[in-house]
Amino acid sequence: MLGLNYTSVSEFILIGFSTFPQHLLPVFFLLFLLMYLFTLLGNLLIMATVWSERSLHTPMYLFLCALSISEILYTFAIIPRMLADLLSTDRSISFMACASQMFFSFMLGFTHSFLLTVMGYDRYVAICHPLRYNVLMSPRGCACLVAWSWAGGLLIGLLVTSAIFHLTFCGLNKVHHFFCHVPPLVKLACGNRVPGVALGVGLVCSMVLLSCFLLILLSYAFIVAAILRIPSAEGRHKAFSTCASHLTVVIVHYSFASVIYVKLTGLHSQQGNILIAITYTILTPFLSPIIFSLRNKELKNAMKKTFLSKLYLSSI
C-alpha cells in the first residue's frame, strides 16, 4: 500500500441511508424530526421545572439538568445534519466538519455516561449515608463532579478524534453511516497504523464505558443492601422510588450501547448497522426525558404544579 499513489481526502460523503428505499426517506425524516423535537422539548421542560421549583434545587436535580444539557447538545451534533441528508442529494461533509462532529458526539456521549455514574453515587450517598449527605454532596462538591464529568468527556473526545483524524485517508471517501463514526471511517484509512489505532480506540472506549457501568452497579449493590435493612415495606418502597428513574435510564442507556459491540446474527448488513445506530443516537435521548418525567414522582408533581396550573390560569 505504501508504494501506491493516493489522492488525499478533503471531504466525505455520508451514505448511511442510501441503501434504504427512497420512498421511505421522507417517512424517516418526519419520524426522526418529531422524536428530535420531543427530545428537545422534554429536556427543556425538565430544566425549566427544576429552575422554577425551589424544592427541586437539590444535587439530584442539578445532575439531571446537566444530563439534559448533554443530551440536547449530543442530539444537536448529529440529528440536524442527518435530517438534512435525508432530504438532500448532496450528502458531502468537509474534513473539518466531520472531525468536529466526531469530537462532539464522543465528548457529549461520554459526558452522559459520567453524569449517570455521578447520579448513581448521589443516590448511594443519599440512601447509605443520609446523615452525611449535605457534607458529601455540598454545592461545591456537586459542581466539581459535574465539571469533572464534562472534563472527562472532553478528554475522551479529544483522544478519539485526534487518533482517528491523524490517520491517512485516501482513495474512497464514502462513509457508510449517517454521521462521522469511527468504524466506517477506519475502513477508509490506509497505512500500517490503522489496526493499532482502531484497537486502541476500541479498548479505551470499552474500558471507560465498562468502568462507569461497574461503578453504577457497585453503587446499586450498596443501595439494595441498605434498602433491604429498612424494616417497613413503605420505607423500602419510598427509598427505591428515588432511584427508579435513574436506574431505568441506566438500563436503557447501557442496553442500547452494548448492542454496538455485540455482533447479532442478521445485523451485519449496512441497514442493520444503521438501525442499531439509531437506537443510541435518537431513541435513547428520546426515551430519557420520558422516563425521568414519568418515573420520578417529585418531578412529575412539580411539572403539574408549575405548568398545568399556569395553563389553567391563562385559560380562565
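Modeller: A term first: pLDDT is the predictor's confidence in each residue, from 0 to 100. This is a predicted model, in which local features need pLDDT of at least 70 and side-chain atom pairs count only at pLDDT 80 or more, while totals for chains, interfaces and linings use all residues. Residues are numbered from 1 along each chain as its sequence is written, and side-chain values use heavy atoms, with hydrogens and water left out.

Colleague: Which helix has the lowest mean pLDDT, and which the highest?

Modeller: Helix α10 (residues 297-315) has the lowest, 66, and helix α5 (residues 139-165) the highest, 94. Helices are DSSP runs of H or I, at least four residues long, numbered from the N terminus.

Colleague: Where does pLDDT stay under 50?

Modeller: Residues 1-7 are one such stretch. Residues 263-267 are also below 50. Where pLDDT is low, the predicted coordinates should not be read in detail.

Colleague: At what angle do α2 and α5 pack?

Modeller: Helix α2 (residues 59-86) and α5 pack at about 20 degrees, with axes 10 Å apart. That makes α2 roughly parallel to α5, a word used for angles under 35 degrees.

Colleague: Which residues of α5 make the contact?

Modeller: They are C142, L145, V146 and W150. Contact means heavy atoms within 4.5 Å.

Colleague: New topic: is S245 buried or exposed?

Modeller: S245 is buried, with a relative accessible area of 3%; buried means under 20% and exposed over 50%, with partly exposed in between (1.4 Å probe, protein chains only). S245 lies in helix α8 (residues 233-261).

Definitions and conventions. Helices (H or I, at least four residues) and strands (E, at least two) are DSSP runs, numbered from the N terminus. Axes are lines fitted to C-alpha atoms, for helices over the stretch in contact, and angles run from 0 to 180 degrees between N-to-C directions. Angles under 35 degrees count as roughly parallel, over 145 as roughly antiparallel, 65 to 115 as roughly perpendicular and the rest as oblique.
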